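Q: Take a close look at one loop of this model and what surrounds it. Then connect that part to the annotated sites and to the nonpolar packing.

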Amino acid sequence: NKTLIEFLRLIDYKRLKGQKLNSGGKKFHQFLRDKCPVVSETYYPTFWCWESRVQTLLRPFVTAKPWVNYRNELITAPDGGQISLDWFDNDDSASHPDQSTRPTVLLLPGLTGTSRESYILHMVQQSRDLGYRCVVFNNRGVSGEKLLTPRTYCAANTEDLEVVIEHVQRTIDKAPLMAAGVSMGGMMLANYLGRKGSEVRLKGVVVFSAGWDVFECTASLEKPLDRFLFNSYLTSCLQASVDRHRTILEKKYDIDHVMKAKTIREFDERFTSVMFGYPSNDDYYRDASPIHKIKSVQVPMLCLNAADDVFSPNHAFPVEAVKQNPNVALLITYHGGHIGFLEGLWPRQSTYMDRVFRQFTKGVFENGRSLDDLH
């Protein structure tokens, strides 16, 4: 890897100089440079798959899937629905042998993701090596459990996330807790932080490849090539999940109409916005866009986005909003795609995203007191 980096430097890989750490306060900025030095490095993508779409498509196949033995827990939501949590207790932790105080990371997967996604498994692996515990919040109906009520999930609604956080904090009330969200999981997490403000008790948050403005994200994914590569596939995955729970969902929704949707926008118009009671799909997209809530975030939040992410176009990144909030930092790399960030000749074991997660998580748990007052 060092040889490759030196080679790239020699050929003057100029376009990568667009990497930048944006932050609203000197204290948080300095903390990141000291405790998370990876933010100061230039990210060099794997040279044979540097293009954003290739990074995005190859990540699940190229990176290893570490074996993780989860302990599943089903909890009940106020509406009678059930939420599936996958715990990695890490009882062999040498650095934190006391399970009651073992630092814990809550992980939120992407749109159709579960605790078995490669990016989640990598974060669990990083946490295990540091001696921490993890708990993965699987959205309703995605990880094999039955829907008990005709309701699934969306980026705008944070009620299930609030139930999960309260449950985890009650269960391990003496253990410090932080959270990490990926893609839609990151959007949900950012929306939660913005809504709850100073009520949030998380020690810190890290968000990867979030879509900041849903209108812009959707428009980007509707461009011909991206519609072919990503939009149609994701729409079919969402429809497959709906069809799997057709028996209970068709009691309230026109599932046949939903199954005819050709894009994510059409799916949301026919299903998601209807389910969560929005007057229109535009109202749902506006509420789901975290860009409008950055100003209200009151806990340390580091965000990583790639400027070439077709799921989250760079012109919609909340750079100015971030600069107005001392609790938030946004790291933008020139390359990386969507949940890609592959690096090295053969990026099987670790990615740039994994290194950001590891260093930030360790910094928050081991030096968190320096983040108590970022104003």
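A: **The loop and its surroundings**

E343 sits in the loop between β9 and α14. Helices (H or I, at least four residues) and strands (E, at least two) are DSSP runs numbered from the N terminus. The model is predicted: local features need pLDDT of at least 70, side-chain atom pairs count only at pLDDT 80 or more, and totals for chains, interfaces and linings use all residues. Numbering starts at 1 along each chain as its sequence is written, and side-chain values use heavy atoms, with hydrogens and water left out.

E343 has a relative accessible area of 15%, so it is buried. The scale is: buried under 20% relative accessible area, exposed over 50%, partly exposed in between, with a 1.4 Å probe and protein chains only. The side chain of E343 makes a 2.8 Å polar contact with the side chain of R355. A polar contact is a pair of N or O atoms within 3.5 Å; within protein, one must be able to donate a hydrogen and the other to accept it, and residues adjacent in sequence count only if both atoms are side-chain atoms. Leaving aside neighbours within four places in sequence, E343 also touches Y43, Y44, P45, T46, S350, T351 and Y352. Contact here means heavy atoms within 4.5 Å.

H338 is in the loop between β9 (328–333) and α14 (352–367). Its relative accessible area is 7%, so H338 is buried. Beyond four places in sequence, H338 contacts T56, S183, S209, D309 and F311. The side chains of H338 and S183 are joined by a polar contact of 2.9 Å.

Those names lead to the annotation. An unreviewed UniProt entry lists S183, D309 and H338 as "active site". They are spread over 156 residues of sequence but cluster in space, with a largest C-alpha distance of 10.9 Å. S183 and H338 are in the lining of the largest pocket. A pocket, on a 1 Å grid over the protein atoms alone, is an open set of points where a 1.4 Å probe fits, with protein on both sides within 12 Å along at least five of seven lines; lining residues have an atom within 4 Å of a point. UniProt positions follow the numbering used here, feature names are shortened, and annotations may be inferred rather than shown by experiment.

D309 lies in the loop between β8 (301–306) and α13 (319–323). It is buried, at 2% relative accessible area. Outside four places in sequence, D309 touches S209, G337 and H338. Its side chain reaches the backbone nitrogen of F311 at 2.8 Å.

The unreviewed entry also places "domain: AB hydrolase-1" at residues 103–344. The end C-alpha atoms of residues 103–344 are 30 Å apart, and the span is 42% helix and 14% strand.

Now the packing. In soluble globular proteins, nonpolar side chains tend to be buried together. The largest nonpolar core has 70 residues, and L106, L202 and M301 touch the most other members. Its largest share, seven residues, comes from helix α6 (residues 184–196). A second, separate core of 43 residues includes L107, I120, F208 and F357. A nonpolar core is a set of buried Ala, Val, Leu, Ile, Met, Phe, Trp, Tyr and Cys residues joined through side-chain atoms within 4.5 Å.

T158 is in the loop between β5 (133–138) and α5 (159–171). At 3% relative accessibility, it counts as buried.

L111 gives a contrast. It lies in the loop between β4 (104–108) and α4 (118–130). At 24% relative accessibility, L111 is partly exposed. L111 touches Y153, M184 and L238, again beyond four places in sequence.

Last, the rings. The structure holds 13 aromatic pairs. In one of them, F267 and F271 have ring centres 5.3 Å apart and planes at 50 degrees, so the pair is tilted. Rings of Phe, Tyr and Trp (its six-membered ring) pair if their centres lie within 6.5 Å; planes under 30 degrees apart count as stacked, over 60 as edge-to-face and the rest as tilted. F267 and F271 lie four residues apart in helix α11 (residues 264–275), about one turn. Both are buried. F215, Y278, Y284 and Y285 form one aromatic cluster.
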